[in-house]
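Hi everyone, thanks for coming.

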Amino acid sequence: MAEIRRELQHHHHSGIHLSDILFALFKRKWTIILCAFLGIIAAATFYFLYPPVYESQAKLLVRYVLERSAVDPIEAEKAAAASSNYTDRVIDAEIEILTSWDLAVQVAQAIGPKRLLPPARDIVAEVAQAIGLKRLLPPSGASATESEAARSIILNLRVISNKGSNIIFVSYKNHDPEMAPLVLQELLGRYFVKHLEVHRSAGAFDFVTQQTDQVRTRLNQTEDALKSLREKTGITSLKGGSEALTTEAAKTQEALNGAEAELAEHQALANQKTESKAKKWGTKGQPSEKSSISEKARVAGIEAKVETLKTRLRDIQQKMKQLSELSPQMEDLERKRELDEANYKYFAASLEKARVDEALDPSKMPNISAVQRPSPPMLEIKMRNKIALGLASGGIALGIALALLKGLALNRTVGRPLQLETQLHIPLMLSIPYSNGRNGHLVLPPNGSPANPGALATKRHHSTLAPWEPGHFMRRYCDAIRDRLGLYFELNQLTHKPKLVGVASFSEAAGTSTLAAGLAASLSEMNDGKVLLVDVNLGPQEVHPFFKGKPAYPLNAALEPKGTIASASENLYLATVGSPNAGPAQLGLKRFFDMMPNLKASDFDYVIFDMPPLEQTSPTWGMAAFMDKLLLVVEAEKNSREMIKRGYGKLVAERNNVSVVVNKARSYVPKWLDAES
């Protein structure tokens with residue numbers, strides 16, 4: 001018992017099986033058929049009332065894209081060369097241009113909103129106008145604006161391209177066959193202009209012209225300032241002039257040093273000759289005047305040369321000092337001139353490109369060409385067929401969704417016997433199918449007559465066959481239960497007499513009374529002893545119709561050792577818990593416990609108890625533990641899974657003697673699909 005209790009606590013519900021889905025679908029097949037029928041009607045209505053739509057198609061070949069940016073072409077070329085998927089990026093950019101809002105507005109302005117959005121003349125518009133719902137319709141005719149016309153163009157425009165291809169497919173749809181190619185032609189014409197505007201700077205020619213003039217002016221000013229400084233310093237180049245002055249100063253200094261050395265030499269020689277001649281004058285007479293004059297003249301010439309070289313060196317040093325002071329300014333002017341010259345060359349080249357770009361005809365661009373001009377309008381039926389098919393399929397899908405939602409999510413009852421084992425993990429003893437009463441077979445009757453629904457009675461208008469008669473629909477199932485009970489008693493070595501068998505359910509009209517009566521009749525036919533059928537629900541006066549007037553005795557009288565009671569049929573006896581003069585009465589646990597000695601001492605081999613449903617105040621909860629076997633009847637498609645699991649777990653926790661019988665089980669799935677058949 002403890003093991004079974006732990007098993008029930010640890011078991012979880014299994015997932016949804018294919019059989020569950022088929023059961024839910026076939027059970028509510030009429031819901032699916034109705035939804036499918038409505039979907040087909042909606043599809044047919046849409047198919048015949050849908051206004052015709054015409055489509056015009058065109059194809060563009062994009063070989064490459066020149067980024068004609070006159071401001072910064074170098075960066076544009078670098079950006080294009082750095083792209084790994086250049087073709088896809090180019091095609092995507094052109095698709096964005098074709099589907100841009102600006103281009104749609106230009107087309108709407110060129111054609112006119114009134115022509116693009118004429119007054120609607122379809123049935124929907126006429127009905128809306130007739131019932132006063134015209135304001136719900138989109139603007140058209142005179143009330144249409146350019147924005148609404150542009151929005152209509154974008155909605156009906158389709159621009160696609162296959163990955164890796166440089167072909168762009170463009171198509172436009174319109175209810176007017178003349179408007180479709182007209183809009184597409186206008187769109188392509190303005191696309192070429194828009195393409196040039198996007199891929200070149202707006203007003204590039206004027207901008208580059210202005211920049212070129214400014215750079216030229218700055219360059220002239222720099223050259224004038226540099227020329228003034230050159231005239232002031234007397235050199236044409238800062239670097240060459242500095243080197244020339246340094247070289248000249250070095251040569252002058254070298255010449256000066258040589259002249260001064262020569263002067264000193266000649267002066268020393270002249271002084272020596274003068275002294276020598278003075279000494280000789282005293283002995284020889286007058287010296288030669290001509291030789292003295294010549295030497296002095298040479299010395300004077302050398303002195304003049306030295307002075308000239310000194311003057312020249314001072315001039316050179318003065319120029320070098322001046323050049324040193326003006327060299328930073330000249331260097332700045334030369335750098336500025338070089339920068340201005342580079343800018344001037346740059347803007348001069350850009351100006352030439354901008355001049356060519358300004359004069360370029362958009363319709364004669366070499367990189368983009370129209371592979372296919374806008375085609376004549378063709379009737380477009382793909383969208384109509386798709387929507388109609390979608391409506392029809394949607395009806396079927398809605399029916400299936402409703403069936404699955406109600407059958408799998410919202411419905412918490414046990415519909416199929418297999419659900420007890422797969423979802424609740426409860427072993428199943430037997431499944432009794434639902435019978436519609438044909439061929440003399442009875443639908444399992446409720447527990448009693450309309451005056452007293454709890455008694456073991458059949459309805460009078462279903463009195464063709466009684467539950468204990470061999471031809472009754474229930475008898476073969478009762479015989480099967482009888483055989484399984486016998487096997488159960490043998491395997492568990494239950495040899496005592498009488499054997500107590502209880503039959504209970506979770507709700508009224510579940511078929512417990514019919515099953516109890518049929519089981520009692522089946523046991524009585526074995527000639528294995530007497531069988532007592534005890535109605536725990538009501539008094540004896542309510543039972544006479546069930547047994548065709550056969551007397552039913554109180555349980556106390558039936559259990560008297562020396563009492564003699566009449567049988568309802570061979571070896572079958574009937575007893576109730578009430579007294580002959582009392583009304584409805586239920587068997588309390590204390591009273592049932594007091595009767596146990598008499599039950600065990602009676603000469604009955606089997607006592608079948610037809611118990612009340614398992615409700616909160618039902619005595620069945622307590623009586624079940626005293627039964628040798630309890631048959632728990634589950635009514636298919638009525639008893640909830642939570643209630644069955646909770647009730648079964650509680651009964652098994654008290655005593656593991658419970659077997660479950662599913663009654664009124666319906667099979668909606670065809671046998672060739674039903675895995676349970």
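**A walk through the model**

Let's begin at Ala-509, which is partly exposed, with a relative accessible area of 22%. On the terms: buried means under 20% relative accessible area, exposed means over 50%, and partly exposed is in between, using a 1.4 Å probe and protein chains only. Before I go on, this is a predicted model, where local features need pLDDT of at least 70, side-chain atom pairs count only at pLDDT 80 or more, and totals for chains, interfaces and linings use all residues. Residues are numbered from 1 along each chain as its sequence is written, and side-chain values use heavy atoms, with hydrogens and water left out.

Back to Ala-509. It sits in the loop between strand 7 and helix 17 (512-524). Helices (H or I, at least four residues) and strands (E, at least two) are DSSP runs, numbered from the N terminus. Most residues other than glycine have a negative phi, and most peptide bonds are trans.

Glu-637 also has a positive phi, near 65°, and is not a glycine. Look for Glu-637 in the loop between strand 12 (629-635) and helix 21 (641-654). Glu-637 is partly exposed, with a relative accessible area of 22%.

And a cis peptide bond? You'll find one joining Lys-497 and Pro-498, with omega about -5°. Pro-498 lies in the loop between helix 16 (475-491) and strand 7 (499-505).

Now zoom out for a moment. The protein's secondary structure comes to 21 helices and 13 strands. Of its 677 residues, 40% are buried. The accessible surface is about 37200 Å², and 56% of that belongs to carbon and sulfur atoms; these areas come from the Shrake-Rupley method with a 1.4 Å probe, and for residues, only the protein chains shown count as cover. Among contacts (heavy atoms within 4.5 Å) between residues at least 6 apart in sequence, 82% join residues at least 24 apart.

Next, some helix packing. Helix 16 and helix 17 pack at an angle of about 65°, with their axes 8 Å apart. Axes here are lines fitted to C-alpha atoms, for helices over the stretch in contact, and angles run from 0 to 180 degrees between N-to-C directions. Which residues make that contact? From helix 16 they include Cys-478, Ile-481 and Leu-485, and from helix 17 they include Leu-515, Gly-518 and Leu-519. By class, the contact divides into seven nonpolar, two polar and three charged residues. For those classes, Ala, Val, Leu, Ile, Met, Phe, Trp, Tyr, Cys and Pro count as nonpolar, Asp, Glu, Lys and Arg as charged, and the others, Gly among them, as polar.

The expected span is 1.5 Å times one less than the number of residues.

Helix 5 (residues 86-98) gets the same check: 13 residues should span 18 Å, and its end C-alpha atoms are 19 Å apart, which agrees. Buried residues in helix 5 include Val-90, Ile-91, Glu-94 and Ile-95. What covers the buried residues of helix 5? The cover includes strand 1 (53-62), helix 6 (101-111) and helix 10 (179-199).

Helix 6 has a partner too: the axes of helix 6 and helix 9 (residues 146-156) come within 8 Å and cross at roughly 115°. Among the residues in this contact are Trp-101 and Val-105 of helix 6, with Ile-153 and Ile-154 of helix 9. The contact has nine nonpolar, two polar and two charged residues.

Ser-659 lies in strand 13 (residues 658-665) and counts as buried at 12% relative accessibility. Leaving aside neighbours within four places in sequence, Ser-659 is in contact with Met-429, Lys-629, Leu-630, Leu-631 and Leu-632. Ala-653, in helix 21, is partly exposed at 23% relative accessible area.
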